Amino acid sequence: MLRLICLCLLLAGPAAGQDRPQGLLWSDTALPRTLPLQVKTAKGRDYYLVLRDVATGRDVIGAYARGGDFFRLLVPPGRFEVQIASGQAADWQGRGALFGAQTQRFVLEPPLDFGVSGFARKGGHLLDLRDLGAIVQTSLGICQRLALDPESVRIKPDAPMPGVSPRDPMEKPEFLTPRYREVSRICD
């Protein structure tokens, strides 16, 4: 029985080691992460991204993108150098060793600016890493506006209806406070 348990533990060990992360791994910032960074990748390679604050030289965010999967990360405002490590998914060894000896490392030039621009436009970036020889970077914005909730300003009709007594003309109507909801859309 003990041998069977040991065998099960040994077989379960490699499966757990192959499990790789996805998304935000760590964040070392007090600023709100609200600005978009979207990354397109091809199947076959995974990516570990680190955003380094240009002003302080400090690493702010670390994230893992699985090759071929949709990946979007929300980052804080600022100017960041994007450092990327790439390798085979099976070679992932964690933050320290990354993808082992086969890790490819590169830094995007120039650094990327994230911030609110114009009126209610959250400015971010879209990185296309499907061809590492020709990385494409484009701006990506999320525009926001407020939309009136029509139910918040609905009033009773003044016209007489059957079975309803007319409103007293001396009665002061209650003023309603309108409510709004935020509507977001990609605007680039």
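**Contacts and exposure, term by term**

Reader: What makes arginine 20 and aspartate 46 a salt bridge?

Author: Their closest N and O atoms are 2.3 Å apart. A salt bridge requires a side-chain nitrogen of Lys or Arg within 4 Å of a carboxyl oxygen of Asp or Glu, so this pair qualifies. The model is predicted: local features need pLDDT of at least 70, side-chain atom pairs count only at pLDDT 80 or more, and totals for chains, interfaces and linings use all residues. Residues are numbered from 1 along each chain as its sequence is written, and side-chain values use heavy atoms, with hydrogens and water left out.

Reader: Where in the chain do arginine 20 and aspartate 46 lie?

Author: Arginine 20 is in the loop between helix H1 (2–18) and strand S1 (23–27), and aspartate 46 is in strand S3 (residues 46–53), 26 residues apart. Helices (H or I, at least four residues) and strands (E, at least two) are DSSP runs, numbered from the N terminus.

Reader: Is aspartate 46 buried or exposed, and how do you know?

Author: Its relative accessible area is 2%. Buried means under 20%, exposed over 50%, and partly exposed in between (1.4 Å probe, protein chains only), so aspartate 46 is buried. Arginine 20, with 24%, is partly exposed.

Reader: How many salt bridges does a search of the whole structure find?

Author: The search finds 5. One of them joins arginine 130 and aspartate 128 at 2.6 Å, N to O. Aspartate 128, at 16% relative accessibility, counts as buried, whereas arginine 130, at 47%, is partly exposed.

Reader: What do aspartate 149 and arginine 179 form?

Author: They form a salt bridge, with the closest N and O atoms 3.1 Å apart. Both residues lie in the loop between S10 and S11, so the pair ties together parts that are 30 residues apart in sequence.

Reader: Why does isoleucine 155 count as exposed?

Author: Its relative accessibility is 64%, which is over the 50% limit, so the label exposed applies. Isoleucine 155 lies in the loop between strand S10 (136–148) and strand S11 (180–186).

Reader: How many aromatic pairs does the count come to?

Author: The count comes to 5. Tyrosine 64 and tryptophan 92 are an edge-to-face pair, at 4.6 Å centre to centre and 65 degrees between the planes. Rings of Phe, Tyr and Trp (its six-membered ring) pair if their centres lie within 6.5 Å; planes under 30 degrees apart count as stacked, over 60 as edge-to-face and the rest as tilted. Both tyrosine 64 and tryptophan 92 are buried.
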